[in-house]
Amino acid sequence: MMGYHFMGKVTTSTPLLFKSKLLCFSLFYLFTALFLALYASLSQSKCLFRSSPFDPLQTPLFSYPSSYGEHKYALPTHRSTCSSPVFFTDYWTVLKEIRDLYRNSSLASPVLSYMQGQADSFGGNFSTQKRISYFDHENSSVEVPCGFLKKFPISNYDLVEMENCNGVVIVSAIFNDHDKIRQPRGLGSKTLDNVCFFMFIDDVTLNGLYYHKVISKESPQHKVGVWRIVRVSSKDLYDNPAMNGVIPKYLVHRLFPNTKFSIWIDAKLQLIIDPLLLIHTLIVSENADIAISKHPFYVHTMDEAMATARWKKWWDVDALKTQMETYCDNGLRPWSRKKLPYTSDVPDSAMILRKHELSSNLFSCLMFNELEAFNPRDQLAFAYVRDHMKPKLKLNMFEVEVFEQVAMEYRHNLKHIGGAGGREEGSKRSKIKRTKRAGSDLLYVNGSCCSKCQKYLLEMWGEYHK
């Protein structure tokens with residue numbers, strides 16, 4: 001208040017700012033709107049409407065040495081809007097439902113029979129026609145090739161722990177010291193009692209962990225935060241580290257025979273949503289066998305194949321051509337509305353959620369066989385296997401904007417700090433090969449355009465006429 005003398009009397013005056021109730025309400029509305037806009041722009045949950053776990057874990061899951069890992073900052077996401085928000089159920093309801101599902105799972109579905117025996121390679125490396133013969137599994141007595149035709153070289157300690165994992169497992173892998181072990185965030189207070197976390201690594205990665213003192217050499221069993229570390233003697237498997245990573249990625253149902261659900265997550269990702277909420281929302285609620293994100297840019301397999309060659313994601317371009325011609329010759333077609341309810345032919349396979357039942361297990365086996373036959377670029381075989389297998393796969397291909405909000409992506413390790421024994425040997429074995437250029441007949445064979453994929457390309461470009 002301010003006092004004024006007027007004709008001998010003292011009067012008081014209220015500041016103009018407080019005279020108008022309308023002005024006060026307007027200012028309140030303005031500041032509230034600004035706060036909400038700022039919160040929305042900074043929130044990591046633009047695409048998620050969730051009930052946070054009651055009493056979430058607050059303490060750090062692991063304290064890393066300062067020297068470990070050079071890439072500490074996540075790659076930025078590209079989308080600020082969300083057309084397909086995901087709604088999460090209450091954490092305790094989810095926990096109870098998933099517990100009930102895996103306790104009752106033994107009463108339900110038929111199982112696959114797997115081929116037994118010995119072979120020169122882990123998966124048997126079957127011919128094209130032999131692999132195709134297993135796509136139709138209406139005769140459930142047929143044994144399906146699904147890896148393990150050589151011993152998987154891990155310790156008995158780890159094997160027992162994997163068999164003892166019941167219910168839900170989260171799986172990742174680092175081969176050739178390509179990534180950093182990252183701890184999940186946002187876990188509910190009971191999640192670690194119901195979910196196993198396993199990280200598969202090779203000797204090159206293990207020596208890096210020793211070097212940075214992340215783990216000790218004294219114990220035969222290792223754990224880094226939530227992750228149980230499983231050493232794989234990759235010298236007994238494939239020369240390509242990426243192909244060794246395909247084993248836990250696609251044969252998770254065989255490595256963990258007593259689990260009902262799994263999530264594969266590339267080591268470049270950090271999970272930031274409780275895995276039980278993810279499984280319930282993306283698998284259970286959708287009645288899906290597998291849930292996987294759409295690719296952010298591509299819909300057609302051939303687009304991904306061209307990008308793989310252009311960006312040198314696989315060194316042998318001639319082999320990519322052979323792979324695509326094999327698929328075109330055996331019925332691969334570009335995506336169209338005829339393929340609905342499948343909404344794309346190209347996934348982002350950095351995260352795969354599975355319900356371990358017959359269809360998803362068959363899909364995983366067939367995928368592994370294709371990857372061994374050609375290369376570990378799993379996006380190229382995805383639609384070919386999915387479209388031709390029987391029984392059909394119940395697939396939830398969710399929007400990439402959802403994927404960007406449930407996991408944070410980091411860069412791969414671009415260089416290694418010296419001193420880690422065994423890295424020189426590993427780098428020699430996995431030395432990047434010089435790109436092998438495609439032959440002159442990539443687009444033309446005997447004067448005929450585009451070889452066996454001509455019809456595919458014309459359909460994809462909308463130029464095919466019968």
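Modeller: Start at Phe-200: its relative accessibility is 0%, so this residue counts as buried (under 20% relative accessible area; exposed is over 50%, partly exposed in between; 1.4 Å probe, protein chains only). The model is predicted, so local features need pLDDT of at least 70 and side-chain atom pairs pLDDT 80 or more, while totals for chains, interfaces and linings use all residues. Numbering runs from 1 along each chain as its sequence is written, and side-chain values use heavy atoms, without hydrogens or water.

Take the contacts next (heavy atoms within 4.5 Å). Neighbours within four places in sequence are left aside. Phe-200 then touches Phe-152, Met-162, Val-171, Ser-172, Ala-173, Ile-174, Phe-175, Val-230, Val-232, Pro-248, Leu-255 and Phe-256.

Now the rings. Rings of Phe, Tyr and Trp (its six-membered ring) pair if their centres lie within 6.5 Å; planes under 30 degrees apart are stacked, over 60 edge-to-face, the rest tilted. The count is 17 aromatic pairs. One of them joins Phe-152 to Phe-200: 6.3 Å between centres, 55° between planes, hence tilted. Phe-200 sits in strand 8 (residues 195–201), and Phe-152 in the loop between strand 6 (143–144) and helix 4 (156–163), so this pair ties together parts 48 residues apart in sequence. Helices (H or I, at least four residues) and strands (E, at least two) are DSSP runs, numbered from the N terminus. Phe-152 is buried too, at 8% relative accessibility. For contrast, take Phe-297 and Tyr-298: their ring centres are 6.5 Å apart and their planes at 65°, so this pair is edge-to-face. Phe-297 is exposed, at 62% relative accessible area.

Ring pairs link Phe-122, Phe-148, Phe-152, Phe-198, Phe-200, Phe-256 and Phe-368 into a cluster.

Then the core. A nonpolar core is a set of buried Ala, Val, Leu, Ile, Met, Phe, Trp, Tyr and Cys residues joined through side-chain atoms within 4.5 Å. The largest one has 66 residues. Those with the most contacts inside it are Phe-152, Phe-198, Phe-200, Phe-256, Met-302 and Phe-368. Helix 11 (residues 358–373) gives the largest share, 8 residues. Another core, of 52 residues, lies apart from it; among its members are Leu-276, Ile-283, Val-406 and Met-408.

Helix 7 (252–255), strand 11 (259–265) and helix 11 each give two or more residues to the lining.

Last, the whole protein. There are 15 helices and 18 strands. Of the 466 residues, 47% are buried. Among contacts between residues at least 6 apart in sequence, 85% join residues at least 24 apart.
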